[in-house]
Amino acid sequence: MGNIILIGFMGSGKTAVGEKLAAGLGWHFIDTDARIEEEQGMAVAEIFAARGEGYFRALESDCLRALVQAGTDETVIATGGGMPLDGENRRLLSGLGMVVYLRVTAETVSSRIGDFSLRPLLDGADPAQKIAALLGGREAIYEAAADVSVDTVSLTAAQVVSAVLEEIT
Ligand code: S3P
């Protein structure tokens, strides 16, 4: 299927870049977190608090399967940061189109995320330490899941869009 899928850590700019990229291409834009929130009538942080992370991960996989079944095409898909951690999700993501990893450093994540209460995995004591530990454990998975990787540190969303377009064309 002909889509562009953005993967990467929280704060890597998947949503901001995805919206601009889709607008520039004249494609549709889907954010999997936003879609889950709409369908559940609850924010991601509320789903985590009420039902736990496992329940959210099942919703995330359901959302991805629905995109595949719908024959999604000409769409930029921004994924939640945990989407590629599951092997079956990785297989489905690569079947949907070109998977682009937006690379970021722990320092940049800390400076970009304003409200940690919206990111349940980072909320609470010492978010910087949580970011470093989670990102360290995920980087190799993101790289392996991606067709191409793009550095985003010190770039604006518009500059990342240009970098993505250069990588994929
Ligand atoms: C998560 C990332 C979040 C959201 C949830 C879990 C993760 O999405 O899906 O809080 O495990 O990295 P963003 O990457 O859009 O913040």
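**Entry 1: burial and the Glu60 pair**

I take a residue as buried when its relative accessible area is under 20%, as exposed when the value is over 50%, and as partly exposed in between. The model I am reading is a predicted one. With that cut-off in hand I looked up glutamate 60 and arginine 57, and I note that glutamate 60 is buried and that arginine 57 is buried too. Their side chains meet in a salt bridge, with N to O at 2.9 Å. I placed the two residues in helix α4, which runs over residues 53-69, and since they are 3 residues apart there, about one helical turn separates them.

I next turned to arginine 103, which forms a salt bridge with aspartate 151, the closest N and O atoms lying 3.4 Å apart. Because arginine 103 belongs to strand β4 and aspartate 151 to strand β5 (residues 148-151), this pair ties together parts that are 48 residues apart in sequence. I noted arginine 103 as partly exposed at 26% relative accessibility, and aspartate 151 as partly exposed with a relative accessible area of 48%.

**Entry 2: aromatic pairs**

I counted the aromatic pairs and the total comes to 2. In one of them, phenylalanine 48 and phenylalanine 56 form a tilted pair, with 5.1 Å from centre to centre and 40° between the planes. Phenylalanine 48 counts as buried at 14% relative accessibility, and phenylalanine 56 is buried with a relative accessible area of 2%. The rings of tyrosine 101 and tyrosine 142 have centres 5.1 Å apart and planes at 35°, so I record this pair as tilted too. Tyrosine 101 sits in strand β4 (residues 97-103) and tyrosine 142 in helix α7 (residues 127-145), so that the pair ties together parts 41 residues apart in sequence. Tyrosine 101 is buried, its relative accessible area being 2%, while tyrosine 142 counts as buried at 0%.

I also looked for a charge over a ring, and noted that the charged end of arginine 51 sits over the ring of tyrosine 55, 4.1 Å from its centre.

What does the side chain of lysine 14 reach at 2.7 Å? What the side chain of lysine 14 reaches, at 2.7 Å, is the backbone oxygen of glycine 8. Not counting residues up to four places away in sequence, lysine 14 touches a list of residues that includes Leu6, Phe9, Ala78 and Leu102.

I then looked up aspartate 31, whose place is in strand β2 (residues 28-31). Aspartate 31 is likewise buried without a salt bridge, and its nearest side chain of opposite charge, lysine 14, is 7.8 Å away. Its side chain makes a polar contact with the side chain of threonine 15 at 2.6 Å, and the side chain of aspartate 31 also reaches the backbone nitrogen of aspartate 33 at 3.0 Å. With neighbours within four places in sequence left aside, I list Thr15 and Ala78 as the contacts of aspartate 31.

**Entry 3: glutamine 40**

Last, I looked up glutamine 40, which is found in helix α2 (residues 32-40) and counts as partly exposed at 30% relative accessibility. Beyond its neighbours within four places in sequence, glutamine 40 is in contact with Ile47, Tyr55 and Leu59. I also noted its separation from serine 162, which is 122 residues in sequence and 34 Å in space, C-alpha to C-alpha.

Notes
Residues numbered from 1 in each chain as written. Predicted model: local features only at pLDDT ≥ 70, side-chain atom pairs only at ≥ 80, totals over all residues. Heavy atoms only, no water. Phe/Tyr/Trp six-rings, centres within 6.5 Å; stacked < 30°, edge-to-face > 60°. Buried < 20%, exposed > 50% of the residue type's maximum accessible area, 1.4 Å probe, protein only. Helix = DSSP H or I, 4+ residues; strand = E, 2+ residues; numbered from the N terminus. Lys NZ or Arg CZ within 6 Å of the ring centre and 35° of its normal. Lys, Arg positive; Asp, Glu negative; His and termini not counted. Salt bridge = Lys/Arg side-chain N within 4 Å of Asp/Glu carboxyl O. Polar contact = N/O pair within 3.5 Å; in protein donor to acceptor, adjacent residues only side chain to side chain. Contact = heavy atoms within 4.5 Å.
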